[in-house]
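Open the model in a viewer and keep the sequence panel beside it. The stops below say what to select next and what is there.

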Amino acid sequence: MSAPSSAPPATAENAATQNDFLSPDAGPRPPGPTPSQSRFQVDLVSEAAGIMEEKSPNSDTSSTLPSGDPTTLPVVPDCSGVESEVAAEEAKGRFRVVNFADPSGASNAASPDTAPNEGLQNGDTVMSETSLHSSTGGQHHYHYDTHTNTYYLRTFGHNTIDAVPNIDFYRQTAAPLGEKLIRPTLSELHDELDKEPFEDGFANGDELTPPEDSATKESAESKGVVKFGWIKGVLVRCMLNIWGVMLFIRMSWIVGQAGIALSCLIVAMATAVTTITGLSTSAIATNGFVRGGGAYYLISRSLGPEFGGSIGLIFAFANAVAVAMYVVGFAETVVELLAGMDAIMTDQTNDIRIVGTITVILLLGISVAGMEWEAKAQVFLLVVLITAIINFFIGTFIPVKSKEPAGFFGYDGSIMWENMGPDFRDETFFSVFAIFFPAATGILAGANISGDLADPQLAIPRGTLLAILITGIVYLGVAVSTGSCIVRDASGNMNDTVSSQFMNCTDAACKFGYDFTTCKSNEGSCQYGLHNDFQVMSLVSGFGPIITAGIFSATLSSALASLVSAPKVFQALCKDNIYPGLGMFAKGYGKNNEPLRGYILTFGIALAFILIAELNTIAPIISNFFLASYALINFSVFHASLANSPGWRPSFKYYNMWVSLAGAILCCVVMFVINWWAALLTNGIVLGLYIYVSYKKPDVNWGSSTQALTYHEALTHTLHLSGVEDHIKNFRPQCLVMTGYPNSRPALLDLVHSFTKNVGLMICGHIRMGYRRPNFKDIATEQSRYQRWLLKNETKAFYTSVFAEDLRQGTQYLLQAAGLGRLKPNTLVLGFKNDWRDGDMMNVETYISMIHDAFDFQFGAVILRLQEGLDVSHIQGHDELLSSQEKSSGMKDVIVSIDTSKDSEADSSKPSSKATSLQNSPALQKDDDDDGKATTQPLLKKDKKSPTVPLNVSDQRLLEASQQFQQKQGKGTVDVWWLFDDGGLTLLIPYLLTNKKRWKDCKIRVFIGGKINRIDHDRRAMATLLSKFRIDFSDITVLGDINTKPKKEHVAGFEELIEPYRLKEDDMEQDAAETLKNSEPWRITDNELELYRAKTNRQIRLNELLKEHSSTANLIVMSLPLARKGAVSSALYMAWLEVLSKDLPPILLVRGNHQSVLTFYS
């Protein structure tokens, strides 16, 4: 805000007072937010000043103070006085500058583009750091430092950092059109004041990809870039490319073969295909800002890198070979002229090579000189071409007697009628159409230089569609005019007149006194007419050499357009790094970022094909390459419309998804019409490149319609699935696996993934706890980070984390809320709590309560126990030691993994961090420092500087055990101890497991309980049941001695195990016993121990039997013993699980929800 030139003393006093709150800016600061610096600058005004502002007629600044009330404005001292011209220019056209008070009293001469008074009433726009702190004038602006270190922006006359809508917030790069600004984040506006502001860089989803980042640098560096409008950039190029040599030397032949009517139909069909493609191109080009890359850019940003990458490569190659085709066409015409003058250098083939090589070198020189020279050359060639076309039409109205023997008689109804129908000679309608169609291609010539257009969104639709219209009309005009004034056959002999004695001549030429009937009887004897003379247009034209110049212009302009298109498309493809190893061609030179390396490569390819000189074989493949790209552009529009993404909002409205689909199908049909084997080859190449790019999975995210359609289909199918009742035949184990961080318990993750992969849902649950307030932003960050890790690790699972006060509460949250519709978990999977005796027994109470909660929610429960343990997160660098993760070492993300041995805080109920041992509570991971970030270590990047700590024996065994389910299981057994019928989950899991490749060599052995006198009967009954379930098994064992008393030493061992956890109520007062039981509910009462003595003995006996029968099994799957809620204490239940599963191979304790999951009905 500028002060008036005579500031009264009151204003100065205000300034002095205000200076207590103002601190001078130290000078230029680096752009971008940091925690210690803010992004927003304000000038301070009172509410009254905002209301009373008026625009001074003598000032260009935003506003000035009314001189009548100087006290309403607190003056901000500005060391620089007047803003420099350079700084004003820098801000011009991009930002409305909020001006600062001028202590010298001079009016601030800011840019004439600064905002008028109304702008301030509606809220000011933020200035960029570079504009606010220009290094040119050494200015020092002052800012009002609030308690959040934020420069408050004045919006609607009030101090707030809440910004008004501004285009600069939505930019991706600092393009010449403007600079990206960062709007205040939700945290900055919403969080409490003790939070550090400006933690974030770019808003979510706005991070620059490497290509965009390089585009930012280029756009910042490039000044004075040459940009073209729609006429010179698109219309001229498209017209030149569409009007090829075909117009002059094949159009008349097509009319001779197909007749005027079918020729017009051929032109109309070709124009229909190109028009539909033009409409589709226009729709894609107007759906957001278009960068360089033409057809590749449009397809890749619409359909994704797989289609874009495959089309981009063949499209660039097709353009490079097209250069050779057009140059050879030019060289052939030149050599014909030389032959006419007897000036052949060596022989005809080598002369074509010599002329072609010289021509392509000259064209390369024009291209390398820059787009401006190339554009001037194109305009000159267009003038020549249009002159040649006009010359032809003028010639048709000037009948010359000497041209009559060659078949040209001027416009005549009888000739037109005779030529109206077809007269195919060794051709068919489709073969003639195949010859003409390449003449209609070239509609993407303008789009291919999209990066050099001033406004691609306007230029591409207008220029492309107008070019298609103009060229289509000219083709139709040439077809009608040639068919109306030239006969099909003529001898060129002045003596072939109508004889008086033979009056049976019926041809149109007879009317003019010529008889060319001998041409039909002796095919090949006549050299003139539509059928026989390719140079008819030269004959007809007013001045023949101009047609030759037109042929030269048509060939050279098409060659030049292709020579420019190929490197531009290839450069864009290389910038996106779709194909590794091609990055060197992404580099641009000069102010226009010219792809010089691409030009040299294109030149090399074109030269090679010129020297081969066998272009008749290559030509159909090139046409099919172009058609494949047209088909995909049309399909892109259909696909984007079908996906119904909110981001699909083209400003060009004259398109229809079904018309685009028809266009895509038409393009594919035309490919096979032109040449079936070339179409198959093209489709094969596109498919091969598509598979390659899909396999490589380039790390790009362009918001393609493929993603949108995937979402749309997933949503539709999920909703549809929700309307279908569950059926036993379709039951799938959908597991909520309490892994914590997914990489901390590899064995648990791998085993569950083995039987859920491609079969059922798997969700990795993680419960985060801590004393501090939850940092919900961390959850969102980790969600995407770990989901990406699962994908990179080829684990088909989802990661979900929740904040909770304790493990049980978090598990309840997940049991209730995880999943969507029918895609909800039905089985809770836990790791066995190996350290249950070491820590606070309340953790055991929590752990057992989780199992009870699962049953309450009608979930099945599965517990995995490995003797070595499950949790490997305490081992430094464990990820490098796990073989399954070595293959992901190239991944760029650094993913956190909790190091529990370093936790400075333990669980709120644990005395020390060591309480969380190798196999701690399944989903418990501590957050230990003040800002909520856990102790982390890189998951995929190895720190080469840090010395490798040698592993102790137990850790080495733990690491080896954690990898055992990643390896192929050799010939062995999966022992299923199906003691209690839980609905069949205990049997279904091993069946699914042995269906997988890693476990297919393992046989299922089934063990069941029974009575000694009924062993054979029980075995037969089980065999019958398994055969009805269609489950293969190798053996069934009936355990008749399951109720035998266990060995005394084992019983004594159990008594010793539970001794510390007994209540011993008989040895104390009743009140004291009740108080202790209430405070420590996990304690085992004497009554309870006696009541469940038989069940205790059964668990001890089962362990003895397990060691006897299954000590060599690859995996034991056993029915999980149930404990009645409220009757069995958690310590006793934990002791049962401990004694049942100790000293055994990997054991999976399974209990379904007692709903049938197997059926033998069809």
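## A buried loop residue

Select Ile1031 to begin: its relative accessible area is 5%, so it counts as buried (buried means under 20% relative accessible area, exposed over 50%, partly exposed in between, with a 1.4 Å probe and protein chains only). This is a predicted model, in which local features need pLDDT of at least 70 and side-chain atom pairs count only at pLDDT 80 or more, while totals for chains, interfaces and linings use all residues. Residues are numbered from 1 along each chain as its sequence is written, and side-chain values use heavy atoms, with hydrogens and water left out.

Ile1031 sits in the loop between α34 (1015–1028) and β13 (1035–1039); helices (H or I, at least four residues) and strands (E, at least two) are DSSP runs, numbered from the N terminus. Show the residues around Ile1031. Not counting residues up to four places away in sequence, Ile1031 touches Leu987, Tyr991, Ile1004, Leu1026 and Leu1158, where contact means heavy atoms within 4.5 Å.

## Helix α33

Pro990 belongs to the next selection, helix α33 (residues 985–994), whose buried residues include Pro990. In α33, 9 of the 10 residues are buried, so the helix is largely enclosed by the rest of the structure. Besides Pro990, the buried set holds Leu985, Thr986, Leu987, Leu988, Ile989, Leu992, Leu993 and Thr994.

## The whole chain

Among contacts with a separation of 6 or more, 81% are between residues 24 or more positions apart.

## Two helix pairs

Two packed helices are described by the angle between their axes and the distance between the axes. Axes here are lines fitted to C-alpha atoms, for helices over the stretch in contact, and angles run from 0 to 180 degrees between N-to-C directions.

Select helix α11 (residues 294–303) with helix α12 (residues 305–340): their axes come within 7 Å and cross at roughly 165 degrees. That angle makes α11 roughly antiparallel to α12 (angles under 35 degrees count as roughly parallel, over 145 as roughly antiparallel, 65 to 115 as roughly perpendicular and the rest as oblique). On the α11 side the contact involves Ala295, Tyr296, Ile299, Ser300 and Leu303, and on the α12 side Pro305, Glu306, Phe307, Gly308, Gly309, Ile311, Gly312 and Phe315. Coloured by class, this contact shows 8 nonpolar, 4 polar and 1 charged residues; Ala, Val, Leu, Ile, Met, Phe, Trp, Tyr, Cys and Pro count as nonpolar, Asp, Glu, Lys and Arg as charged, and the others, Gly among them, as polar.

Now select helix α35 (residues 1048–1058) and helix α38 (residues 1093–1109), which pack at an angle of about 120 degrees with their axes 10 Å apart. That makes α35 oblique to α38. The contact is formed by His1050, Val1051, Phe1054 and Glu1055 of α35 together with Arg1093, Thr1096, Asn1097, Ile1100 and Glu1104 of α38. By class, the contact of α35 with α38 has 3 nonpolar, 3 polar and 3 charged residues.

## Buried residues within helices

Which residues does Leu560 touch, not counting residues up to four places away in sequence? Select Leu560 in helix α20 (residues 544–575) and display its surroundings: Leu363, Ile366, Ser367, Glu374, Ala377 and Gln378. Leu560 has 1% relative accessibility and so counts as buried.

Go to Ser282 in helix α10 (residues 251–285). Ser282 is buried at 0% relative accessibility. Neighbours within four places in sequence aside, Ser282 is in contact with Pro461, Leu465 and Phe652.

Ser849, in helix α29 (residues 841–856), is buried as well, at 8% relative accessibility. Its side chain reaches the backbone oxygen of Glu845 at 2.6 Å.

## Two exposed loop residues

Asn644 lies in the loop between α22 (615–643) and α23 (657–674); its phi is near 55 degrees, a positive value in a residue other than glycine. Asn644 counts as exposed at 59% relative accessibility. Glu794, in the loop between α27 (776–792) and β7 (798–803), has a positive phi of about 60 degrees although it is not a glycine. Glu794 is exposed too, with a relative accessible area of 55%.

Definitions and conventions:
Polar contact = N/O pair within 3.5 Å; in protein donor to acceptor, adjacent residues only side chain to side chain.
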